[in-house]
Amino acid sequence: MVNTLTPRLTEEQLALLPTEEDIAFYEEHGWYISKKVLSDDIISEAIQGSERFYRGERDGTLPTNTGFTDWKPEDGYDVVRNNEFISLRNRELQKLVMQPIIGAIAARLARTESIRLLDDQLVYKPPQNPDGKSAVGWHADRAYWSTCTSHNLLTAWIPFHDCDESIGPLVVLDKSHKWSGIEDTRFFNNHNLEDMEHKFYREGRKLVKVPMTLQKGQISFHHCWTIHGSLPNHSNLRRLALAVHLQDHSNHYQPFWTKQGKKVQIADELICRKLPNGNPDFSDPRVFPVFWSTCNK
Ligand SMILES: O=C(O)CCC(=O)C(=O)O
């Protein structure tokens, strides 16, 4: 195997990659916080891109407008705004997502040879927690992705400013990626975090909430089965962050039926090309670009 892409990182960036000890921490706890790895310039551009997006400007379109969450002005401005697949529609956010350092860190954490996009979400929270509703409810990302084969997917969470607890950062439940019985943890839209917590109590299980209080330029990563949500924004500032959902090398499509016998379909299936056998191709480079690879194929 020829390692071709690692040289795209500078010596300085190489020093920022997770160590073996960091990887072991991620495997044990289900989350990891990077050093400051993104420049202020790239984040300023991403903020400008978000503002253009919210003004209605688009740099690309998707083959479907349904099956995923996509805030629109008609939904109101003083609410949590969630826009998926945004990097396919906005060039500044695409530039952010494609930063090799993000893929390089993810590849190390997942111990995989390549990293490609699965989905992304720009999440905006208005200041001062209007209606007490700006928390994002507990969920495990993988519970939404049952047509993926891999249990080694992960998410990079990138806030566009410093985050203390008052601004509504991501919060993870430590070690929850190892819990059983969380297959249906899909409560993103249930903002009452405390109300939901009883669902997780089990004999001998500890609920340790860890807020991702990051400085601008840091990224947190969480395992696809780590339960997480985010706190309400009580500050006077808006909270803006991009969640980048990542596929490890091994991931591909699998048909999946709920316990009630309903066939699951996720939006990714609607936007990608098909394989010769008719299944969705989760490695379609147009919508799931590879942005980090350690081998020359
Ligand atoms: O930004 C948020 O508040 C939620 C993001 C999220 O759920 C994720 O990173 O998977």
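**Reading helices and cysteines in a predicted model**

User: Let's start with helix H2, residues 20-29: which of its residues are buried?

Analyst: Buried means under 20% relative accessible area, exposed over 50%, and partly exposed in between (1.4 Å probe, protein chains only). In H2, the buried residues are Ile23, Tyr26 and His29. Seen down the axis of H2, they fall within an arc of 145°, so they line one face of the helix; the arc is that of the directions from the helix axis to the C-beta atoms. This is a predicted model, where local features need pLDDT of at least 70, side-chain atom pairs count only at pLDDT 80 or more, and totals for chains, interfaces and linings use all residues. Residues are numbered from 1 along each chain as its sequence is written, and side-chain values use heavy atoms, with hydrogens and water left out.

User: How are helices and strands picked out, and what do the buried residues of H2 pack against?

Analyst: Helices (H or I, at least four residues) and strands (E, at least two) are DSSP runs, numbered from the N terminus. Contact means heavy atoms within 4.5 Å. The buried residues of H2 pack against strand S1 (31-33), helix H5 (100-110), strand S5 (154-159) and strand S8 (220-223). Glu20 and Glu21 are exposed, on the face turned away from the buried side of H2. Just after H2 comes Gly30, with a positive phi of about 85°.

User: What span should helix H3 have?

Analyst: The expected span of a helix is 1.5 Å times one less than its number of residues. H3 (residues 40-54) has 15 residues and should span 21 Å; its end C-alpha atoms are 21 Å apart, which agrees. Among its buried residues are Ile42, Ile43, Ala46 and Phe53. Their cover includes strand S2 (81-84), helix H4 (91-97), strand S3 (114-125), S5 and strand S10 (239-248). H3 is followed by Gly56, whose phi is positive, near 100°.

User: Now the cysteines: how many disulfides does the structure hold?

Analyst: A disulfide is a covalent bond between the sulfur atoms of two cysteines. Here the test is a pair of cysteine sulfur atoms within 2.5 Å, and the structure holds zero disulfides. For Cys224, the nearest cysteine sulfur is that of Cys148, 8.6 Å away.

User: Is Cys224 buried or exposed?

Analyst: Cys224 counts as buried, at 0% relative accessibility. Cys163 is buried too, with a relative accessible area of 4%.

User: And where is Thr294 found?

Analyst: Thr294 is in the segment after strand S11 (290-293). Its relative accessible area is 22%, so Thr294 is partly exposed.
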